[in-house]
Amino acid sequence: MTSNFVPKSLHANRDSPLEYLAEMSGSRHIAVLYENEKRAIMMQYWYIIHGLAKGQHCIYTTHDDVDKVRSSMKVVGVDVEYYEKERGLLHIRKIDSLKTREDSGAVNQLITTAFEGAKPPFRLVVRLFDGKIKTEDESKLCVEVESAAQEGFTKKAPSGNPFTIFSGYQGSMMCHYPVEGAGLDLISKLMAAHDATVFVPKSGDMKLVYTTMDGSQENSVK
Amino acid sequence: MVRSIIVADIAEVQKLAESLPNIANQLGDGRCVPVLTTSIQQLLLVQNGNPVMGYRVADASISQEAGFRAIENFLDRCGNKKHLVMLYDEAKLARLIEFRYVKIGLEKREQCMYVIPEDDIESPESIKKQMEEFGIDTEHYVRDGSLKFVRIQDPAKDPDGFKAGCQKTLESLVSEVRKPVRMVLHVRYQFNTKNEIEEHADFENVIESSFTSFPGSILCNHYIGSNTQEKHGEWTKKMLQTHDNVFVVSSQRGIPFIFT
């Protein structure tokens, strides 16, 4: 899984990340790169709760126990039972984590079982890798997978790429990665492999950066 | 006007009001307060007194009714230990919301205290009559001590000043209550002088900062029909910062002063 997707520039956007995620429409592949996990989780819930309020099917994937996610959502006032049972809009799914290039189980789970019972338009929160990306090999694999997914989103995926499923995908997908201490190379490649990136620092302002192909806008962040 | 997110139906407004402030508060940047309104947007998320997001149902022709229902639904699920405020210029609708708040409390066997100031256009008798029309058996609840009507003196007459007058009044009321209490509090019908406006805002801040020791919940009520941007703009903003939840019951299309 390799990608030729290289953006010409990355643009800081005037919109707030919260507005952007609340209004999200169309097919978008977005990244949340964070230094503060608690804030990142709240960002994911913010994205999910706005989808639910619009009547969209929202899929939240985890490598952990799904009941832990349910409890965590309930603590902040999300009516999990209402959205899972009464409305059938919230789908909390456990998926395996991706460990090696040969390990296709997690990707297959994502593109098959995670969507069971859900209808478009979707909002999907996902991370295929568990924990922090530590080694260069993990870093490469992560960028390959995200780039392949982005090729799916941009309808440029070659046949055989499992992410061709996203070429007809109706909805958005939020990927999230801890990046504290990560190199700029990994961060810029992850940004390049998404339509937009939200940075969640330990504290202070969150930033939204669009990835574009034309290089024509101002305020580029290089 | 902040951007509007169109939600599937009015039930979603209530769900958002219950979850969004908690989520937003953990994202940082200051306390977020949900404002439920009868205006075009049925829910506003306010941060540091400024609106950051708006939510509405698609059909604008039912916005007032939808907003009113959202407030009712919110009250039905709202627990005790809440410091609420209602800003209104639609007195009839405001009374219905107060009475629903009282009725829910009485049904939960909480004591309900309706506090009315001496300058108010309503009296305990007129309120009692309206409550009966609403369906509350006032005679029964007054007899068993669950429902109390209290007329308070003008805090401006306190020799120690308006804020001190407000504080003394509240302390006196709290000393009389049975726990847990639900208090519908009208401290003054209108604030007229700059000093009254500023001191009242300070008083609300004092209540909020010491609210953990209050033996129940309070619904503060303020008639804003004669308020002006010049005199009351800052006060309105402070009301949005010093309460857990805000209800705005207005006949105007926007929300007076800050949200128009």
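**The second largest pocket and its surroundings**

Author: The lining of the second largest pocket is made up of six nonpolar, four polar and five charged residues. Here Ala, Val, Leu, Ile, Met, Phe, Trp, Tyr, Cys and Pro count as nonpolar, Asp, Glu, Lys and Arg as charged, and the others, Gly among them, as polar. Bear in mind that this is a predicted model, in which local features need pLDDT of at least 70 and side-chain atom pairs pLDDT 80 or more, while totals for chains, interfaces and linings use all residues. Residues are numbered from 1 along each chain as its sequence is written, chains are lettered from A and ligands numbered from 1 in the order written, and side-chain values use heavy atoms, with hydrogens and water left out.

The volume of this second largest pocket is about 270 Å³. Out of 15 lining residues, B:Ala17, B:Glu18, B:Asn22, B:Lys82 and B:Asn245 sit closest to its centre. (A pocket is an open set of points on a 1 Å grid over the protein atoms alone, where a 1.4 Å probe fits, with protein on both sides within 12 Å along at least five of seven lines; lining residues have an atom within 4 Å of a point. Points are joined across faces, edges and corners, and the volume is what probe spheres set on them fill.) In chain B, H1, strand S2 (32-37) and helix H2 (63-77) each put at least two residues into that lining, and H1(B) gives the most, with five. Helices (H or I, at least four residues) and strands (E, at least two) are DSSP runs, numbered from the N terminus.

Follow H2 of chain B onwards and you reach the loop between H2 and strand S5 (83-88), where B:Lys81 lies. B:Lys81 has a positive phi, near 65 degrees, in a residue other than glycine.

Chain B brings 24 residues to its contact with chain A, and chain A brings 27; contact means heavy atoms within 4.5 Å. About 2100 Å² is buried between chain B and chain A, with carbon and sulfur atoms giving 59% of that area. On the chain B side, B:Arg3, B:Gln26 and B:Leu27 lose the most area to chain A, together 31% of what that side buries. (Buried area is the accessible area, with a 1.4 Å probe, that two parts lose on being put together, summed over both.)

What holds charged groups together there? Six salt bridges are counted between chain B and chain A; such a bridge needs a side-chain nitrogen of Lys or Arg within 4 Å of a carboxyl oxygen of Asp or Glu. B:Asp9 pairs with A:Arg87 in a salt bridge, at 4.0 Å from N to O. Strand S1 (4-7), helix H1 (10-27) and strand S4 (50-57) of chain B each give at least two residues to the side that touches chain A. Of these elements, H1(B) supplies the most, with twelve residues. By class, that side has 14 nonpolar, three polar and seven charged residues.

For comparison, there's the largest pocket, with about 480 Å³ of space. It has 23 lining residues, and those closest to its centre are A:Glu37, A:Ile41, A:Tyr60, A:Arg127 and A:His176. Helix H2 (37-53), strand S3 (57-62), helix H3 (66-75) and strand S6 (171-178) of chain A each give two or more residues to this lining, with H2(A) giving the most, five.

A:Arg70 and A:Glu84 form a salt bridge, their closest N and O atoms 2.9 Å apart. This pair ties A:Arg70 in helix H3 to A:Glu84 in helix H4 (residues 80-86), 14 residues apart.
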